[in-house]
Amino acid sequence: MKIKDIYDLIIKKGIENDPRGKDAVLKTLKKTSEEYKNLKDEEKKEFDKEKLTNPYADTRVLYGDMDLNVKRILVGIDIEVAEILLADRISVKGEKIDLIISHHPVGKAFANFYEVMGMQADILQKMGVPINVAEGTLFPRIKEVERKVLPLNHMRTVDAARLMNIPIMCAHTVADNFVATYLQSLIDNKKPDTLKDVINILKEIPEYAYAFSNNAGPKIIIGSDSNRVGKIFVDMTGGTEGAKEVYERLSQAGVGTMIGMHFSEEHKKELEKHHINAIVAGHTSSDSLGLNLLLDEILKEEKIDIISCSGFYRVSRL
Ligand SMILES: [Fe+2]
Ligand SMILES: [Fe+2]
């Protein structure tokens, strides 16, 4: 498969698994096209045209020829200079790496990754929060994340890939969409009664079983084993942690338990205040699950050798 084919496929599959639903995603793409049409010629030159077909700012090919044929991919949760050097060493030792995929965004896809956070408003609305409240709490938080990423050295990893001449792409929200949708439907189908039941469901998933064996398995951080779950919200996509102010409204909307990859202390306090139970499923384990489901879609098309690194635990469901 060519890099271009892999990129097109992961966008398509990311949209299909988007918890907002395909129609909502297509609506945002249409809006972007209209905005583009109304730009002045000068502004059109600066516009990232990928946005017209790819609704995820944090998923891009950062370096490499789109027509290059890919037989082996090095996949990691975080790709930094060390992993680029690792890719080069693995190639030198005989297993040529044609492409590196980072889960967490790098380069220009990191500089504005916060743009994907807008999707959280639609997800919150689906969970019962009025759209005005969802947007009202979320928008200041997006601005905060934007200010936080402004001073960072975004291009460091991509520069290393360029120097080593190894193609690199990142696949963030497209993979997180898979894990969010997969777990939400699994939990909804199994209808757990208590928090302990949720942990037992998660334990059966190989990525979480592996995490357990490494002392990083799913954990209840608010509530006890016997607490009843109420309505469960699997909150695992949309860039990064949203606004803590929304938990009050989620609680009123009937959400009894949040399952996330991680919760900051600030968010934990707010969840406690509003009596919402919380389970940390695990960060690299949940990211691995999302990536695995996404990679399986690529491998359904063509057999490609996957080498895992940087916290990524490969499990094939094919
Ligand atoms: Fe993720
Ligand atoms: Fe992550």
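The legends below describe several close-up views of one predicted model.

In this predicted model, local features need pLDDT of at least 70 and side-chain atom pairs count only at pLDDT 80 or more, whereas totals for chains, interfaces and linings use all residues. Residues are numbered from 1 along each chain as its sequence is written, chains are lettered from A and ligands numbered from 1 in the order in which they are written, and side-chain values use heavy atoms, with hydrogens and water left out.

**View 1**
Helices (H or I, at least four residues) and strands (E, at least two) are DSSP runs, numbered from the N terminus. Both H104 and D287 are buried; buried means under 20% relative accessible area, exposed over 50%, and partly exposed in between (1.4 Å probe, protein chains only).

**View 1. An open sheet of four strands.**
The strand order is β5-β8-β7-β6, with mixed pairing. Two strands pair if DSSP finds at least two bridges between them. At the edges stand β5 (219-222) and β6 (231-235), each with a single partner strand, so one side of each is left without a neighbour in the sheet. From one strand to the next, the twist averages 25°. β6 pairs with strand β7 (residues 255-260) in the parallel sense over five bridges, and F233 has M258 of β7 as its bridge partner. Helix α13 (residues 265-273) packs on the sheet and touches β5, β7 and β8 (277-280), and its direction makes about 70° with that of β5. Axes are lines fitted to C-alpha atoms, for helices over the stretch in contact, and angles run from 0 to 180 degrees between N-to-C directions.

**View 2. Strand β8 and its pairing with β5 and β7.**
With β5, strand β8 pairs in the antiparallel sense over three bridges; here I279 of β8 is the bridge partner of I220. With β7, strand β8 pairs in the parallel sense over four bridges, and A278 in β8 stands opposite M258. Which residues point each way from β8? N277 and I279 point one way and A278 and V280 the other way, and all are buried.

**View 3. Helix α14 packed against α11 and α9.**
Two packed helices are described by the angle between their axes and the distance between the axes. Helix α11 (residues 206-213) and α14 pack at an angle of about 150°, with their axes 9 Å apart. α11 is therefore roughly antiparallel to α14. Angles under 35 degrees count as roughly parallel, over 145 as roughly antiparallel, 65 to 115 as roughly perpendicular and the rest as oblique. Residues making this contact include E207, Y208 and A211 of α11 and S285 and N292 of α14. Contact means heavy atoms within 4.5 Å. Helix α9 (residues 173-190) packs with α14 at an angle of about 105°, with the axes 7 Å apart. α9 and α14 are therefore roughly perpendicular to each other. Among the residues making the contact are F178 and Y182 of α9 and D287 and E297 of α14.

**View 4. Residue E297 in helix α14.**
E297 counts as buried, at 15% relative accessibility. Leaving aside its neighbours within four places in sequence, E297 is in contact with L9, K13 and F178.

**View 5. Two loop residues, N215 and H275.**
Most residues other than glycine have a negative phi. N215, which is not a glycine, has a positive phi of about 65°. N215 is placed in the loop between α11 and β5 and counts as exposed, at 75% relative accessibility. H275 lies in the loop between α13 and β8, and its phi is near 60°, also a positive value in a residue other than glycine. H275 is exposed, with a relative accessible area of 69%.
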